[in-house]
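Here is a short report on charged side chains and how they pair. Look at the structure first, then read on.

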Amino acid sequence: MSGGEGAARKQAYFARIATLLEGYNTIFVVHADFVGSSHMQSIRKSLRATNSVLLMGKNTMIRKAIRGYLPSNPKIESLLPWVFGNIGFVFTHADISAVRKQVVENRVAAAARPGTIAPVDVIVPKGNTGMEPTQTAFLQALNIPSKINKGQVEIINDVHLIQKGQKVGNSEAALLTKLDIKPFSYGLEIKAVYQDGVVMEPSVLDITDDEIVRKFHNGVSAVAAIGLKIGYPTVASLPHSVANGYKNVLAIAVSSAYTFERAAKIKEFIANPELAKAAAAATAPPPAATKAAEKPKEKEKEKPKEKEPEPEEEEEMGMGGLFD
């Protein structure tokens, strides 16, 4: 590639990043270790279904493109600390939870390669391995208890072969290959979410709407309690303060000669308890009507059926009428 072609491609790349940064407010910062080219194409294709765009590139070019766009949007600078390692961006207008699910689930199984760091614990299950008896020494070198059963090597107990965060050795990788076990899976790993100038941890996406509402209610209750305790009015505590003040005024009116419209009604109920009972009964639904509405079928079952006249009596009545 000539120098002119390389410069033109860089300029096109910078222009594309600037266009994406201008057109999208939500960006996923993703990590792409051990993701092959065919797998990457599959991820790109799946993201297009949600009108999302995956962009990879060299970190130096990404940083330069972001710094070049800062005059147009200074908030985008918060992405710069995340540009390290094998990273890329997913630009989207779709629901962030749905896009995140699609990114996380698009993974492929992979064999354990020597020298890689295990992302999960690897446990070899007990049972028949399909290996010939001549290979028992290979298992003994890894301290794996085994026996010969029907001409094949059988592992006696489950073996915790590799721990999470441990480097995979040559022997462990060779054993997993012989057993045709692919313990790892690789795909894009979400490192952060950028939205309207704010960078968030991906764990924020696990919070549900119900949990947000519950935390909001708890916060409002705490603000109201503090305001009532120290006597400082707030939007949250003001309704409670008004209600408490009304209760105090009502109590004074009931215990003194002072009165007003609502206090007069309370005094009337205190003087004549029968009026209070009558008012409560008037507002309550009739029990008979409620039961009838709840159990209409039972009423129908309880209703006695009328007896039908016997055929013989009808014949006698007919004959009697004939000879009369």
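This is a predicted model: local features need pLDDT of at least 70, side-chain atom pairs count only at pLDDT 80 or more; totals for chains, interfaces and linings use all residues.

Now to its pairing. Side chains of opposite charge can pair when their charged atoms come close. The structure holds 3 salt bridges. They are listed here.

| Salt bridge | N to O distance |
|---|---|
| Glu-189 and Lys-191 | 3.5 Å |
| Glu-211 and Arg-214 | 4.0 Å |
| Lys-215 and Glu-211 | 3.6 Å |

**The pairs in helix 7**

Helix 7 covers residues 209-230. Glu-211 and Arg-214 are 3 residues apart in this helix, so about one helical turn separates them. Lys-215 and Glu-211 are 4 residues apart in helix 7, which again means a separation of about one helical turn. Salt bridges that share partners join Glu-211, Arg-214 and Lys-215 into one network.

How exposed are the partners of this network? Glu-211 has a relative accessible area of 25%, so Glu-211 is partly exposed. Arg-214 is partly exposed too, with a value of 46%.

**The pair of Glu-189 and Lys-191**

The side chains of Glu-189 and Lys-191 also meet in a salt bridge. Glu-189 counts as partly exposed, because its relative accessibility is 41%. Lys-191 is at 31% relative accessibility, so Lys-191 counts as partly exposed.

Key. Residues are numbered from 1 along each chain as its sequence is written. Side-chain values use heavy atoms; hydrogens and water are left out. Buried means under 20% relative accessible area, exposed over 50%, partly exposed in between (1.4 Å probe, protein chains only). Helices (H or I, at least four residues) and strands (E, at least two) are DSSP runs, numbered from the N terminus.
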